[in-house]
Amino acid sequence: MSDLQTPAARPANPRFSSGPCAKIPAYSLDLLSDAPLGRSHRAAVGKAKLKEAIELTREILGVPAGYRIGIVPGSDTGAVEMAMWSLLGARPVEMLAWESFGEGWVTDAVKQLKLDATVRKAAYGEIVDFAQVDFDKDVVFTWNGTTSGVRLPNGDPIPADRAGLTICDATSAAFAMDLPWDKLDVVTFSWQKVLGGEGGHGMLILSPRAVERLESYTPAWPMPKIFRMTKGGKLIEGIFEGETINTPSMLAVEDYLVSLKWAKQIGGLKALVSRAEANSKVVADFVAANDWIANLAVDPATASTTSVCLKFTDPRITDGAAFAKSVAKRLEKEGVALDVGAYRDAPAGLRIWCGSTVETADVAALMPWLKWAFEAEIAALAKAA
């Protein structure tokens with residue numbers, strides 16, 4: 001093990017966590033100096049900031065006119081729960097899951113809302129067969145599985161003339177992948193993923209079809225105040241103009257605005273998508289060149305460009321979980337990669353965030369360290385044998 005040479009280059013930013021994710025390049029707390037701290041979010045200055053965040057979100061993501069965009073409590077989880085509790089039950093439901101968060105939405109629909117839902121699941125590394133999905137039902141799914149590194153490649157399997165609503169958890173996809181708005185009725189995400197914002201706030205985007213459902217359907221179950229989006233059978237429009245349901249952090253709002261303005265400055269959605277694709281390609285090329293590691297995604301077409309999940313395949317490894325943890329610990333100890341262990345419910349391995357705020361040069365600098373850590377752990381296994 002003493003013969004192993006440590007790589008010469010090091011990532012300038014070792015933060016490869018899948019959430020909260022790396023801040024934008026050249027980030028500084030000084031960028032938050034315009035935050036209206038100590039002011040009410042209902043004051044003119046607070047409302048203006050919240051409205052600006054909604055308008056920039058629409059501009060960068062290309063959200064069509066007529067779609068409502070709201071800032072809601074509880075991060076992406078809160079946004080998904082708001083949609084499920086408010087919209088489901090009017091039609092039959094299909095729940096799709098291929099990772100832990102999708103599994104969570106299945107549990108909530110079946111065990112909490114008591115819906116007689118059709119449930120379709122795929123193992124980690126795979127995706128459900130969308131050709132089998134009945135889109136005349138309401139369908140709930142994640143676009144990109146943060147914990148499995150598997151994504152829906154495009155919206156082609158979703159019919160434009162569907163009768164049901166599509167409710168899409170897009171928290172690791174929004175700003176890094178093209179989302180087909182004509183195929184999606186509800187889209188949710190959180191600030192702390194692709195744009196590296198702060199946690200606690202979610203985004204809820206509703207199509208006109210989703211709004212029509214909200215105004216024409218009353219769920220059979222009691223609706224918590226924090227989930228209510230209608231009053232007297234009409235949408236509470238203020239929610240989608242910056243009048244948030246609960247008190248938002250104006251510091252976090254400012255942080256989101258900083259990220260949105262950076263995104264606009266570098267070229268908008270196209271540039272953001274390109275950055276994530278370039279980052280994930282570095283990892284894909286590394287995996288292709290080394291037979292002891294593989295992408296968890298079985299089909300390369302479904303491999304995530306943000307939360308890239310990897311598994312070790314060397315036959316000398318007898319305890320995959322212990323080995324992967326040791327590699328991640330070694331990388332963290334060297335200060336070259338922080339928080340890259342696989343999600344606790346996922347198969348043993350590593351998860352490297354390649355979202356749009358990560359610099360490609362840092363991903364490239366990490367790859368030799370990944371090989372070094374692997375070889376060091378293999379050597380340790382041989383020595384212990």
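The largest pocket is lined by H41, R42, K47, K225, R228, I236, G238, I239, G242, E243, T244 and I245. These lining residues divide into three nonpolar, four polar and five charged. Here Ala, Val, Leu, Ile, Met, Phe, Trp, Tyr, Cys and Pro count as nonpolar, Asp, Glu, Lys and Arg as charged, and the others, Gly among them, as polar.

A word on the model before going further. It is a predicted one, in which local features need pLDDT of at least 70, side-chain atom pairs count only at pLDDT 80 or more, and totals for chains, interfaces and linings use all residues. Residues are numbered from 1 along each chain as its sequence is written, and side-chain values use heavy atoms, with hydrogens and water left out.

**Pockets and cavities**

Rolling a probe the size of a water molecule over the atoms shows where empty space is left. On a 1 Å grid over the protein atoms alone, a cavity is a set of points where a 1.4 Å probe fits but cannot get out, while a pocket is an open set with protein on both sides within 12 Å along at least five of seven lines; lining residues have an atom within 4 Å of a point. Points are joined across faces, edges and corners, and a volume is the space filled by probe spheres set on them.

| Space | Volume | Lining by class |
|---|---|---|
| Largest pocket | about 240 Å³ | three nonpolar, four polar, five charged |
| Second largest pocket | about 190 Å³ | seven nonpolar, five polar, two charged |
| Largest cavity | about 40 Å³ | nine nonpolar, one polar, two charged |
| Second largest cavity | about 30 Å³ | one nonpolar, four polar, two charged |

The second largest pocket holds about 190 Å³ of space. Of the 14 residues that line this pocket, Y217, T218, P219, M223 and T230 are the closest to its centre. Helix α4 (residues 208-216) gives the most to its lining, with three residues. Helices (H or I, at least four residues) and strands (E, at least two) are DSSP runs, numbered from the N terminus.

Around the largest cavity you will find T147, L296, C309, L310, K311, A342, Y343, A346, P347, A348, L350 and R351. Strands β13 (307-312) and β14 (350-353) each supply at least two residues of that lining, and β13 gives the most, with three. The second largest cavity is lined by E99, F101, T142, N144, T146, D169 and T171.

Have a look at helix α5 (residues 250-266) and helix α6 (residues 268-289): their axes come within 6 Å and cross at roughly 90°. Axes are lines fitted to C-alpha atoms, for helices over the stretch in contact, and angles run from 0 to 180 degrees between N-to-C directions. The two helices are therefore roughly perpendicular, a label for angles of 65 to 115 degrees. W262, A263, K264 and I266 in α5 meet G268, A271, L272 and R275 in α6 (contact means heavy atoms within 4.5 Å). By class, the residues of this contact are five nonpolar, one polar and two charged.

**A glycine in a loop**

G155 sits in the loop between β6 (150-151) and β7 (166-169). G155 counts as buried because its relative accessibility is 6%; buried means under 20% relative accessible area, exposed over 50%, and partly exposed in between (1.4 Å probe, protein chains only). Leaving aside residues up to four places away in sequence, G155 touches W143, P180 and K183. G155 and T188 are 33 residues apart in sequence and 16 Å apart in space, C-alpha to C-alpha.

Methods:
Angles under 35 degrees count as roughly parallel, over 145 as roughly antiparallel, 65 to 115 as roughly perpendicular and the rest as oblique.
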